[in-house]
Amino acid sequence: MGSERDGVPLTNLDQELFPGAGATKRDLVDYLDAVADRFLPVLRDRPLSVIRVLRGQDRFMQKNLPKYTPDWVPRATVWAEASHRDVTYALANDRRTLFWLGNQRAVEYHPALTHAGSPHPTHLIMDLDPPEDGGFGLAVAAARLVRQALDDAGMAGAVKTSGAKGVHVFVPLAGEPAPEDVAAAQRAVAARAERIDPALATTAFIRDDRHGKVFLDATRAGGATVVAAYSPRARPGVPVSFPVAWSDLDQVAPGDFTVRTAPGLLGDRDPWAEAMPAPQRLDPGLVAEGHTIPVARVQAMHEGKRRARARREAAGEG
């Protein structure tokens, strides 16, 4: 049974979104419709990657728009250094585009950290990722360490559930900060948060080195993406990445916020916009400290090679 919204044809609305979703494509489109005026501002003019879940297929992340994309979908072409080609991303700038993406079974929305055509990140972002067997409460405790580290540097951010097990802290930035300075400041915030409570949180990029602690992921920089506030997640129950007041973090669980429950909880409010502090200049002390901290991925690659060499040498001596 088909229908349309804002002139966008919609198909197969009563099919389950994906196995175990507990929600249909109609639930997804209804959700996008209900939150569009809150959701579009966090997506607008940002090259958008989406996670789509097609029937009978594994989920996949789509960056490049497919050939059959309607002409009216706004887009931005970005040179991809990794694949040495131009990638044409959607820009979710209007309700029609949101409905079209929903009809394509785009469940998750991962916007770029910069606006199209600009190299300057708009936020400093910390991703708090609890260990495999750890609960949401650990991520919340780590987020409070991040808040303390930011506060000590005269900065402030807003917090949201990731929609999975983690928590994201977003600090809006003023001016046109250099990407490498934002990345450095993130590394320094993570290092300072770890120093406040090293038993709870770690900056160790290599999973085996985390020892059941919360990973303070400071790598959401440059060409990375982070799931947007209000974005659904392709997980059982279709939870949503949802803004939470700092004072309420201990009273919530990620599963409280789903495509079915979130519109009612929001009412007419936009808690993400309300909670977001005014844009701030990067603290120079954070930037300076961060530039002394190695980039995690690079460090992990060298460390991996060093360990492999040590294992080979140990085996050779045996």
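Mentor: Start with a pair of helices. In this predicted model, α3 passes α4 in a right-handed crossing.

Trainee: At what angle do helix α3 and helix α4 pack, and how many Å apart are their axes?

Mentor: Helix α3 covers residues 136-152 and helix α4 covers residues 179-196; the angle between them is about 115°, and their axes lie 8 Å apart. Angles of 65 to 115 degrees count as roughly perpendicular. α3 and α4 are therefore roughly perpendicular to each other.

Trainee: Which residues in α3 and α4 meet?

Mentor: From α3 come Leu 145, Val 146, Gln 148, Ala 149 and Leu 150. On the α4 side they meet Val 189, Arg 192, Ala 193 and Ile 196.

Trainee: How do α1 and α2 pack?

Mentor: Their angle is about 140°, and their axes are 9 Å apart. That angle makes α1 oblique to α2. The contact involves Lys 25, Leu 28, Val 29, Leu 32, Asp 33, Ala 36, Phe 39, Leu 40 and Leu 43 of α1, together with Arg 95, Leu 98, Phe 99, Gly 102 and Asn 103 of α2. Here, too, the crossing of α1 past α2 is right-handed.

Trainee: What is found at the start of α2, and what follows α2?

Mentor: At the start, a side-chain oxygen of Asp 94 comes to within 3.3 Å of the backbone nitrogen of Arg 96. After α2 comes Arg 105, which has a positive phi, near 60°.

Trainee: Which residues have the most contacts inside the largest nonpolar core?

Mentor: They are Phe 39, Tyr 109, Met 126 and Leu 128, in a core of 86 residues. α1 gives the most to this core, with 10 residues. Take Leu 128 as a case: leaving aside residues up to four places away in sequence, Leu 128 touches residues including Ala 139, Val 146, Gly 166, Val 214 and Phe 215.

Terms used:
Residues are numbered from 1 along each chain as its sequence is written. This is a predicted model: local features need pLDDT of at least 70, side-chain atom pairs count only at pLDDT 80 or more; totals for chains, interfaces and linings use all residues. Side-chain values use heavy atoms; hydrogens and water are left out. A polar contact is a pair of N or O atoms within 3.5 Å; within protein, one must be able to donate a hydrogen and the other to accept it, and residues adjacent in sequence count only if both atoms are side-chain atoms. Helices (H or I, at least four residues) and strands (E, at least two) are DSSP runs, numbered from the N terminus. A nonpolar core is a set of buried Ala, Val, Leu, Ile, Met, Phe, Trp, Tyr and Cys residues joined through side-chain atoms within 4.5 Å. Buried means under 20% relative accessible area, exposed over 50%, partly exposed in between (1.4 Å probe, protein chains only). Contact means heavy atoms within 4.5 Å. Axes are lines fitted to C-alpha atoms, for helices over the stretch in contact, and angles run from 0 to 180 degrees between N-to-C directions. Angles under 35 degrees count as roughly parallel, over 145 as roughly antiparallel, 65 to 115 as roughly perpendicular and the rest as oblique. A crossing is left-handed if the near helix is turned anticlockwise from the far one by less than a right angle, and right-handed if clockwise.
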